[in-house]
Amino acid sequence: MDLDTRYPSLADLAARARARLPRFVWEYLEAGTGAEEARARTRAAFERVTVLPSILHGDITPDLSVQLLGSTLPLPFGMAPVGMAGLVWPDAERHLARAARKLDLPYTLSTVASQTPEAVGPLAGDHAWFQMYPPRDPEIRADMLRRARKSGFRVLVLTADVPVASRRERQLRSGLTQPPRLTPRLLAQIAARPAWALAMARTGMPRMRLIDDYAPDTKGLPSTAHAGYLLRTSPDAAYLHWLRDHWDGPLIVKGVLDMRDVPRLENAGVDALWISNHGGRQFDAAPAPLSVLPRIRDATRLPLILDGGITGGLDILRAIALGADFVMLGRAWHHALAALGTRGPYHLAEILRRDLEANMGQMGLSRVRDVRDRLAPHPTG
Ligand SMILES: Cc1cc2nc3c(=O)[nH]c(=O)nc-3n(C[C@H](O)[C@H](O)[C@H](O)COP(=O)(O)O)c2cc1C
């Protein structure tokens, strides 16, 4: 049986990943915060968006390419940053960066990745984005920017929606500690998942390698414990202006949900806004990114990127219909990798591509953006 038959949808890849990952790893990847209402709301918002099919439109050839930040991208989606991705699958960052390069998609490396910018940037190709959690220390900040730029990252993403740590109760229940400690409970979970255990035995347990490099500057705090001290800050407008002055490529702010923030982001010279509630992991009363998108679209001409809860090509079209220019997926790439190894990301991209084409065919669209003309009135009866 081929991949298309066994894993025709993102849900199939997630189910296979779940069967292959130790429980604490699955819970790390999946957990939202609190009662996971934000996560549920994020997903449910897509189901309410209806777009009109078209009849009598003749033959069309769908063109999936889009323009973003001065580049033409062949597909309207990319890879969102996921911290400690190496815990999900060994060397996840490098596998995904290579796939992004081959597929010509943006790949976003997290500050708290398990690989350094130097190890990933050269693999990621033309669309290497570096996601920054804002270091307190100006020297560390400048050094990170310098390292990211030297490693080939062209776009800087400032994640602004982690002003404080969030509680992820599901993750706590699974026995995963910060930093991870191999307790008997975790070892039992690992023993039940031999594929993951064997793959991990070859690479060793992952660490936050970029952050580790700054450990001596944080007064010797142990291992990953210093990540919180270093990075969990709430930057202000002056911080954003500083970043603008010190980064000569496109600058994106991630975690925008409130249209009232738009003027100060525009004033700071930001090049695009990334509408996100961090996959429901930070604040459980946060709205669905999709539900705030139309108002933010009305408030700015800046490119808008959206993430959270995307489960197929149709969701990508729904987001674009409501005003997004581009979408990102986080967990799904990691499901694909855990499910199928290095073939996984290609299969996922193929599922999305075919789903986009099939749904564009239903609507008679030759260009992705034309979906904005097919938005159906909200179904009120
Ligand atoms: C396990 C995990 C780790 C994440 N780590 C980061 C991170 O380091 N930096 C960041 O900006 N966002 C991080 N995110 C949020 C993602 O970039 C993205 O906003 C979110 O996953 C999108 O939702 P989706 O997973 O439903 O596609 C993380 C998400 C997950 C699931």
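User: Where does Arg-372 lie?

Analyst: Arg-372 lies in the segment after H19. Helices (H or I, at least four residues) and strands (E, at least two) are DSSP runs, numbered from the N terminus. The model is predicted, so local features need pLDDT of at least 70 and side-chain atom pairs count only at pLDDT 80 or more, while totals for chains, interfaces and linings use all residues. Residue numbers start from 1 along each chain as its sequence is written.

User: Why is Arg-372 called partly exposed?

Analyst: Arg-372 has 15 other C-beta atoms within 10 Å. A residue is buried if 20 or more other C-beta atoms lie within 10 Å of its own, exposed if 12 or fewer, and partly exposed in between, with C-beta atoms placed from the backbone. The count for Arg-372 therefore makes it partly exposed. Its C-alpha atom is separated by 4.1 Å from that of Ala-321, 51 residues apart along the chain.

User: What makes helix H17 largely enclosed by the rest of the structure?

Analyst: Eight of the nine residues of H17, which spans residues 313-321, are buried, so the helix is largely enclosed by the rest of the structure. The buried ones are Gly-313, Asp-315, Ile-316, Leu-317, Arg-318, Ala-319, Ile-320 and Ala-321. Their cover includes helix H4 (37-47), strand S3 (77-79), helix H16 (289-299), strand S9 (304-307), strand S10 (326-329) and helix H19 (344-363). Just after H17, Gly-323 takes a positive phi of about 125 degrees.

User: How do you know that H17 is oblique to H19?

Analyst: The two helices pack at an angle of about 60 degrees, with their axes 7 Å apart. Axes are lines fitted to C-alpha atoms, for helices over the stretch in contact, and angles run from 0 to 180 degrees between N-to-C directions. Angles under 35 degrees count as roughly parallel, over 145 as roughly antiparallel, 65 to 115 as roughly perpendicular and the rest as oblique. H17 is therefore oblique to H19.

User: Which residues of H17 and H19 meet?

Analyst: Gly-313, Leu-314, Ile-316 and Leu-317 in H17 meet Leu-352, Asp-355, Leu-356 and Asn-359 in H19. Contact here requires C-beta atoms, placed from the backbone, within 7 Å of each other. By class, this contact has five nonpolar residues, two polar and one charged. Ala, Val, Leu, Ile, Met, Phe, Trp, Tyr, Cys and Pro count as nonpolar, Asp, Glu, Lys and Arg as charged, and the others, Gly among them, as polar.

User: Why are H6 and H7 called roughly parallel?

Analyst: Helix H6 (residues 92-103) and helix H7 (residues 117-124) pack at an angle of about 20 degrees, with their axes 7 Å apart. That angle falls under the limit for the term, and H6 and H7 are therefore roughly parallel to each other. The contact is made by Glu-93, Arg-94, Ala-97, Arg-98, Ala-100 and Arg-101 of H6 and Ala-119, Val-120, Leu-123 and Ala-124 of H7. Its residues divide into six nonpolar, no polar and four charged.

User: What makes H2 and H18 oblique to each other?

Analyst: Helix H2 (residues 10-20) and H18 pack at an angle of about 60 degrees, with their axes 8 Å apart. H2 and H18 are therefore oblique to each other. In H2, Leu-10, Leu-13, Ala-14, Arg-16, Ala-17 and Arg-20 meet Ala-332, His-335, Ala-336, Ala-338 and Ala-339 in H18. Eight nonpolar, one polar and two charged residues form this contact.

User: Does Arg-301 count as buried or exposed, and how do you know that?

Analyst: Arg-301 has 7 C-beta neighbours inside 10 Å, so it counts as exposed. Its place is in the loop between H16 and S9.

User: What makes His-278 count as buried?

Analyst: His-278 has 24 C-beta neighbours inside 10 Å, and therefore counts as buried. The residue is found in the loop between strand S8 (272-275) and H16. Most residues other than glycine have a negative phi.

User: Why does Glu-36 count as partly exposed?

Analyst: With 18 C-beta neighbours inside 10 Å, Glu-36 counts as partly exposed. Glu-36 sits in the loop between H3 and H4, and has a positive phi of about 60 degrees although it is not a glycine.

Methods:
Contact = placed C-beta atoms within 7 Å.
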